[in-house]
Structure formats: structure tokens, C-alpha cells
Amino acid sequence: MSNQNEQFALIYDQYIGKIYRFVYLKVDSKEIAEDITSKVFLKGFEAYKKDPGIKNMGAFLYQIARNDVANHYRDSGKKQTISPDALPEAADDRTDLHQKAVFGEDVGNVKAALASLKKEHQDVLIWYYLEDMPAEEIATMIGKPAGTVRVMIHRGLSALKDALNQEG
Amino acid sequence: MTEQELINSLKELKNINPSKPWAFSLKMQILEQKNAPLPVQHRVLNMLGSIFNTGYHNKLAYAFAAFLLVAMGFVGVLGTGSLPFADKSVAVLSPDFVIKSRVETLKEKSEYLTSAVKSNQPETILVAVKEVKDAAKKLTDSIAQNPSKAKEVALDMKNNKTYFDISAGFEVKQASDELYKIIDEQMIRDLEQTTLTEEQKISFDEAKGLFEQEEYAQALEKILTISN
């Protein structure tokens, strides 16, 4: 394996879980998440081969993932939000047993509510609470001031609460 | 739900992870192949899309692509495996890749079964037992075809105690025994060709004794103490 491949293998190991999770929470299907994640890393590797000096590979992969998720919804003509009521049908059968084993009902509801939020709120909540990314890092990634990101996190959390209350 | 409870529930979503065999397989595909492993349908559509790049030509391109795909499917149905491109997707999978991939699958299925047993969900356990059995069978078949890989798998098993570290009944025991047996057989053959110290010879005899008593897992443990 060439040195370049070895370097990308490390990047892959570091981000495969993060990118898959990010995509999965937006599309709620194991198959589609795998398909999109594959494309993200293929594109990432192609870009890395051309320019191994990409400064923030994580931000770069997330950006590809965001675009590919948007393309997925555009191509399939679907709205990005998924109604919590539609979740049992939207969920992938293959993951169902596993998901049930891993998550309790509350977490399942939160997952559904998260999928119903605005894209920008989903993004910041996932990065901040699931990936433990500081607001400053998110700010750099999306090109907004850190203060704005904190407001987005706060509003996202309120929107999530509202979505859960509506469901209940 | 309080805000803190909401945040805690959000954090639990960290447990969403890709399947290990899939992640491993994708990594190998990306790093080992020169060309991006796009499905053949995508490649045909991409190629034609770039040839017929504008306006109504796209429709023609996609119609032609659809024709090609139907034609290729027809060729597949007829079973003309002798065509040069027919087995290309299989040909790129080296035995090494197949075995590594099957080892990862077995590990994942075993972990899944362990969690199912712990959470005491009979329905899930039934599914998980079948998956472990199937994964063990596939790995056993792969080692039978490539005995030189037996030691590599054995060392992996030694280093990852997740394998069969489960009390999930007779079916899993049977599948795991078959896997251990085939690894033992190959490693015994290898050790018979090796010069051993007196101490190693004693351990080797003990290992062969365990093997004859069909204590395949214990035999493997003993063998690994010699071959390290």
C-alpha cells in the first residue's frame, strides 16, 4: 500500500463512523446511508490523491456528505424531513432488530424528531452533541461566526423539544 | 423530557455505527482498486452521460444505456460466463480480501449475538444465531480453500476474544467447532513440518490429544502457545 493510501486509510478510520452517522440520521435507511457514505469517501479519496495537502479533511468530507444528501433528496424528489409517524415504514428492515436492541423508545423518538428539523439545525446538533465538536470548529466548517453557531445550537435544541412535544 | 434528558438521548445516537464488514469492505475497495468501484450500471450511465453531454442527447444516451444494461442482463441470464468481462467483479476479490472480510463479518455477528443474549431477546437471538452460524460456515469454507491463511485467522481469534465468547447453544458450538477443527488440522500439518524443542513437542502432543478428543477450541489454544 502506498504512503498516500496509508494516510488516507487513517483518515478513513477516523471519519467512517462520523460520516455514516451523519448521513444515516438524515436519510434513515441503512442502504442509502451506505451508498452515500461510499460515494463521499470515493470522492474524498480522489480529491486527496490530487491534493494530499487538504487542510481540514473532516470538514471536506462533511461538505461532500451534505451535498450528496441534498442530491439524494433532489434526485428522489423527496422532502428532507421525515415525519415521525412515517418512521416505521421509512426504517430499514435490516437494521430494525438491531436498532430496537440498541435504542430505547425515547431515543428512537429523538432520532425521528431530529430528522424532522431544518437541515442546518440537524447539522449543528449532530456535530455539537454527537461528535463533540466545539462551536468554534463548527463555525470554521460552515463559515459562520461562533456566536451564530451557538444560537443555531440553542434554536435547534428548542426546535427538537417542540418536535418531540408535538409528537407526544 | 428535560433539556438535559434530551441532550442525553441525543448523545445516545452516537451508538449508530456502520456495520464493520461493510466499512472494512469499502476501505479495501477504495484503497486497493485503481478505479472507483462504481456499480457497472453507474459506469455505463456516466460514460454515456459524458459522451452525450447536452439536451435531448441525454435521453438518447440513457435509452442506449438501458438497452446495454438489458443486453448485459440477458447475457448474464444465458450464463455465458466465458465472456471476458463476465467475472470481473469476482476476479478482483483476492482470497486474502475474502478471508479478512469474512473474519470481520464473523466478529460483528458474534458481537451482535452477545448483545442479543445479554438483553435476553429470544427473537433477536434466533436471528443472530443463524447469522453467526452462516458467517462461521463461510469462513470455514474460505479456510478450506486457502489453508495457508489458517494461522492468520487463528492469531486473529486469539487476539479478539469476541469470537464465540458466547453461550448461545448447540448450533453455535457446532459451527465454531467446525471452524476450529479446520484451523487445527492445518496448523497441526504445519507444525509436523517444523523442528520443535522438547518442550514444544510435549505441548504439541497435548494439542493433538485434545484434537482427537474433539476439544478443538482448547487444541487451538495449545497450538498457539507453540507456534508463537
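**View 1. Chain B from end to end.** In this predicted model, 25% of the 228 residues of chain B count as buried. Count up the secondary structure of chain B and you get eleven helices and zero strands. Start at the N terminus and read along, and the elements go α-α-α-α-α-α-α-α-α-α-α. Now take contacts in chain B between residues at least 6 apart in sequence: 66% of them join residues at least 24 apart.

**View 2. Inside the largest nonpolar core.** This core holds 51 residues, and Ile19(A), Val23(A) and Leu125(A) have the most contacts inside it. The top contributor is helix 1 of chain A, with eleven residues.

**View 3. Zooming in on Ile19(A).** Skip its neighbours within four places in sequence, and Ile19(A) is in contact with Thr37(A), Val40(A), Leu61(A) and Ala65(A).

**View 4. A second core.** There's also a separate core of 31 residues, with Leu106(B), Ala128(B), Leu139(B) and Ile143(B) among them.

**View 5. Where chain B touches chain A.** Here 33 residues from chain A meet 28 residues from chain B. On the chain B side, helix 1 (3-12), helix 2, helix 6 (95-118) and helix 7 (122-145) each give two or more residues. Helix 1 of chain B gives the most, with seven residues. What kinds of residues make up the side of chain B that touches chain A? They split into 16 nonpolar, seven polar and five charged.

How values were computed:
Residues numbered from 1 in each chain as written. Chains lettered and ligands numbered in written order. Predicted model: local features only at pLDDT ≥ 70, side-chain atom pairs only at ≥ 80, totals over all residues. Core = buried A, V, L, I, M, F, W, Y, C linked by C-beta atoms within 7 Å. Buried ≥ 20, exposed ≤ 12 C-beta atoms within 10 Å, placed from the backbone. Helix = DSSP H or I, 4+ residues; strand = E, 2+ residues; numbered from the N terminus. Contact = placed C-beta atoms within 7 Å. Nonpolar A, V, L, I, M, F, W, Y, C, P; charged D, E, K, R; others polar.
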